[in-house]
Amino acid sequence: MLHSIKLNDQDYEQLLGEALARIPLYTNEWTNFNVSDPGVTILQNLSSFSLLQQSLLDEVTDELRERLLGLLGYHPKSLKAAKLLVAPEEASYRVLPAQEKLLLGSLSFETRERTELIPWSVAGVFAESSGQIRDLTYPLQYARHASVQLFGDRPQAGDSLIFILEGTLRAGMELHFYVGAENESWRNPFDEAEELSFARMRWQYYTEQGWMDVVCEDETHGFLLSGGLHLHLGQKEPARFEEMSVHGFAVRCELEYAEYDIAPRVTLLLGGLFEVEQRDTHAASFRFPGADEIRIESAMTRYENLFVYCRETEEGPYLPYTPVANATAGQGRFCVRRDEADGTIALRFDRERFGYAPIEQSDAVCVVCYDTETLHRREIGIAYGYENQELDITGLTDVLPEGFSVLAETEQPDGQTGYRRIEPQDGREDSICYEVIPSEGTIRIRHNGMGGATRLWLCDAVTTAGSMGNLRANAHLGSAPDPYFPDEPRGPYYIAPGSGTGGRSAETVDELRRRMVADLRSRRSAVSEEDYEQAVRQTPGLCIHKVRAVADEQQNLVRITVKCHTEDNRPELPACYLEQIKRQLDDYRMIATRIELRQPQYVPVDVTAVVHVRNYYENARAEITDMLRRELDYITSDHSFGETIRFTELYRKLETMQCVDSVYMLSMQPAPGTDATLQGADIVLGESSLCHLGRLTLEINTSLAH
């Protein structure tokens, strides 16, 4: 049904013939069925119209397919801009206005707001645990390919990190760090909808009054993944901290709770960054409360395409004002424009001088700026009010819905032209409700409560490249050239230590349908043992190394043994793993099926061997010991739970070693008290068991006396 609907297979000739054949059933006075008869002409027109209607009914539009998929719970993923942390290659104070562009080829990354680049960096990193302090500064700042355990190999509640920062810090400042984590490839992606935390951290910064709490947006999940740390300092001024060997401002991270599966290990820690988004602004509106003077701090003003609108009555329309260079203009809707040295544009309103000024309320002033190309095609078109009318967005595609709005033109009783700013999905009855179709570069009118024939103008328009903005680490970006002097050098330059994150392209209806089909073909209900094992391996946020499921049909029970992927040689599942796996399996298991999660059992295998080695072979004992330890290591290797240790295979590998002349005797024995059993010369491990080399009794003989 998602592809086609064929309600009627008749063609035009069949429809007309059927209509003519039915005429005698209704009247015997109609006897002329020739094409010259006016009645036949009417039937021909009606048959053509019926066929046209039928073709429209047979057509399955993308909108219909999307609604049908929505009934099944599938909705298209929206377009989303990527975020990126960058740092200037040369540290110096500067201010970047909103919409400042940093370029990498054709990709544009922008600041969302005025960004003050205050040079600061991480001068020292110190770990404190049980009164002991470790200096981590050198390996994190200077050593190449370093791997540092921030909280040691056993993180405990109360452990802390202190970052010493050099530079200029002040109250209210945002601090952005980037952390490069190790071993993150072992871990399944976290599910942002679920709360899974291996640690709870308290972030603080140092002031004259002591340590003050600060909110931290942690993208690393407690230093387990590469990502950003974003701190917003409070209203207290930071003070210098002089209790460490390195002095400067200080930020502290203290563990309040810790149950790590893998102790955090990082390779990189950088500060002095700021955040940009992969956006390209073509039109931007800036709204201010009514005041005598407003200031616009945006890179969009460089295009000099600036339009000013003001409200003069409460909830009234925006009326256009004309910026002038001085106050010598006569009466009218004017404002005085003044260009500051830092690129800021100031607009001053003077009711006494000009007779008009904005009302004192929020959003009373709206200033719209366009780039050069968009200026000449800012008129979108006329919304006539019929359902699902589509209008092109001036040639722009991949437009972010949250970065889009229109100005709807209205005629005032006094003949003046007014405007209303309208965002997508406006629910007011007297407004225009529309949606943005990013992939097609159009807007679709759902409802026009302003009446027919409403002219629309572009107000805000931001495009993005979606997933293409997820750059690889260490990308270099350059400043955008001046729009009127494009040949001048494009410095300064910036570097992104990490990769871009969060960028996503808009999902088309065909892609949505394919996703639905793939989900239907994949099993969401666990039936076989392999289904349960696969479900456990996909548990969000966990490092799963080995899984084995065994079904007990008599008890309607599935026993599952899981080994996590950690740095411990013989790990046990922590409590958070057990809880997370149970939540995962609740979505897969049959209602009546019970689940039993088991800890892995580690079985030592004792080996006794008498081996004749070749003459003059000095390292025979070490090589044989390493081989036996490696072959009996079912913990870190690819062997699964419950496998059989084959005596003949181990004997053959020992016998074929380069240093071995012959094997006189070899025996294996599982340690007592385990679920491993000896069957002949082989050892059969229990369903939850993994083996390792236990006690080794090795006698080495040669033909020469030593």
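Arg338 and Glu293 join their side chains in a salt bridge, at 3.2 Å from N to O; the term denotes a side-chain nitrogen of Lys or Arg within 4 Å of a carboxyl oxygen of Asp or Glu. Because Arg338 belongs to strand 23 (residues 334-339) and Glu293 to strand 20 (residues 293-296), the pair ties together parts that are 45 residues apart in sequence. Strands (E, at least two residues) are DSSP runs, numbered from the N terminus. Arg338 is partly exposed at 36% relative accessibility, and Glu293 is partly exposed at 29%; buried means under 20% relative accessible area, exposed over 50%, and partly exposed in between (1.4 Å probe, protein chains only). A network of salt bridges links Glu293, Arg295, Arg338, Glu340 and Arg348.

This is a predicted model, in which local features need pLDDT of at least 70 and side-chain atom pairs count only at pLDDT 80 or more, while totals for chains, interfaces and linings use all residues. Residues are numbered from 1 along each chain as its sequence is written, and side-chain values use heavy atoms, with hydrogens and water left out.

A second pair is formed by Asp261 and Arg187, whose closest N and O atoms are 2.9 Å apart.

In total, the structure holds 41 salt bridges.

Key: Helix = DSSP H or I, 4+ residues; strand = E, 2+ residues; numbered from the N terminus.
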